[in-house]
Amino acid sequence: MAPVAPRSGDAVFASVDRVNSELFTLTYGAIVRQLLTDLEEVQEVNNQLDQMGYNMGVRLVDEFLAKSNVSRCVDFKETAEVIAKVGFKMFLGVTASVGNWDAEGTTCSIILDDNPLVDFVELPDTCQGLYYCNILSGVIRGALEMVSMKTEVTWMRDMLRGDDAFELQVKLLKQVPEEYPYKDD
Ligand code: MYR
């Protein structure tokens, strides 16, 4: 039998991370499959995934702010960069890039370099119309709502639908000014 070489701490953590990531991917796949079984319309599955993501986003923003040490962003452009570079790294283990800004600086795209949610995934023809990763649009919408930004998040490109990338458009609809809780008098 070949001797078992001790692995360095980093190697152990890397392999635990990989197993966690695979478990997460497979669990997400099982959730989508169950929704497809339980709900009649693919559009309902899209809505349900978006709503689940929204509920997660509302909660994870606190963890994000606590762990990342990110301070308040000066504008929506900085917020988009923070989501792409810090948020995606923290919760999905990948980074994304930001582009396709409109002239007003209120609409942009977040483009994923890599998407672990779709590892091992192949969609049958019966799933046409499904936005398999719709949980992500909900997460972003929910998290931004907690920092006073109402957004609309839409898939523009989806590799599971034959596109060449995963691209989410994030449109800032309204920025609610945060009220200072005390009166100066
Ligand atoms: C601020 O308060 O100005 C900073 C706002 C940062 C919001 C970041 C929200 C993180 C969203 C994580 C998305 C992860 C998707 C997998």
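## Where α2 meets α3

In the contact of these two helices, Leu-60, Phe-64, Lys-67 and Ser-68 of α2 meet Val-86, Gly-87, Met-90 and Phe-91 of α3, where two residues are in contact if their C-beta atoms, placed from the backbone, lie within 7 Å. The residues of this contact of α2 with α3 divide into five nonpolar, two polar and one charged; Ala, Val, Leu, Ile, Met, Phe, Trp, Tyr, Cys and Pro count as nonpolar, Asp, Glu, Lys and Arg as charged, and the others, Gly among them, as polar.

This is a predicted model, in which local features need pLDDT of at least 70 and side-chain atom pairs count only at pLDDT 80 or more, while totals for chains, interfaces and linings use all residues. Residues are numbered from 1 along each chain as its sequence is written.

## Overall make-up

The protein has four helices and four strands, and from the N terminus on its elements run α-α-α-β-β-α-β-β. Helices (H or I, at least four residues) and strands (E, at least two) are DSSP runs, numbered from the N terminus.

Of the 185 residues of the protein, 25% count as buried; a residue is buried if 20 or more other C-beta atoms lie within 10 Å of its own, exposed if 12 or fewer, and partly exposed in between, with C-beta atoms placed from the backbone. Among contacts between residues at least 6 apart in sequence, 55% join residues at least 24 apart.

## Helix geometry

Two packed helices are described by the angle between their axes and the distance between the axes. The axes of α2 and α3 come within 11 Å and cross at roughly 105°, which makes α2 roughly perpendicular to α3. Here axes are lines fitted to C-alpha atoms, for helices over the stretch in contact, and angles run from 0 to 180 degrees between N-to-C directions; those under 35 degrees count as roughly parallel, over 145 as roughly antiparallel, 65 to 115 as roughly perpendicular and the rest as oblique.

The axes of α2 (residues 42-68) and α4 (residues 134-146) come within 6 Å and cross at roughly 45°, so α2 is oblique to α4. By class, the contact of α2 with α4 has 14 nonpolar, nine polar and three charged residues.

## Around the ligand

Of the 17 residues around the ligand, Cys-73, Gly-87, Phe-91, Ala-143 and Val-147 come nearest, a residue being near a molecule if its C-beta atom, placed from the backbone, lies within 6 Å of it. While α2, α3 and α4 each supply at least two residues of this shell, α3 gives the most, with seven residues. The shell residues divide into 14 nonpolar, two polar and one charged.

## Individual residues

Asn-55 lies in helix α2 and is partly exposed, with 14 other C-beta atoms within 10 Å. The C-alpha atoms of Asn-55 and Arg-141, 86 residues apart along the chain, are separated by 9.5 Å.

Most residues other than glycine have a negative phi. Asn-100, in the loop between β1 and β2, has a positive phi of about 55° although it is not a glycine, and Ser-148, in the loop between α4 and β3, has a positive phi of about 70° although it too is not a glycine. Asn-100 is exposed, with 12 other C-beta atoms within 10 Å, and Ser-148 counts as exposed with 12 C-beta neighbours inside 10 Å.
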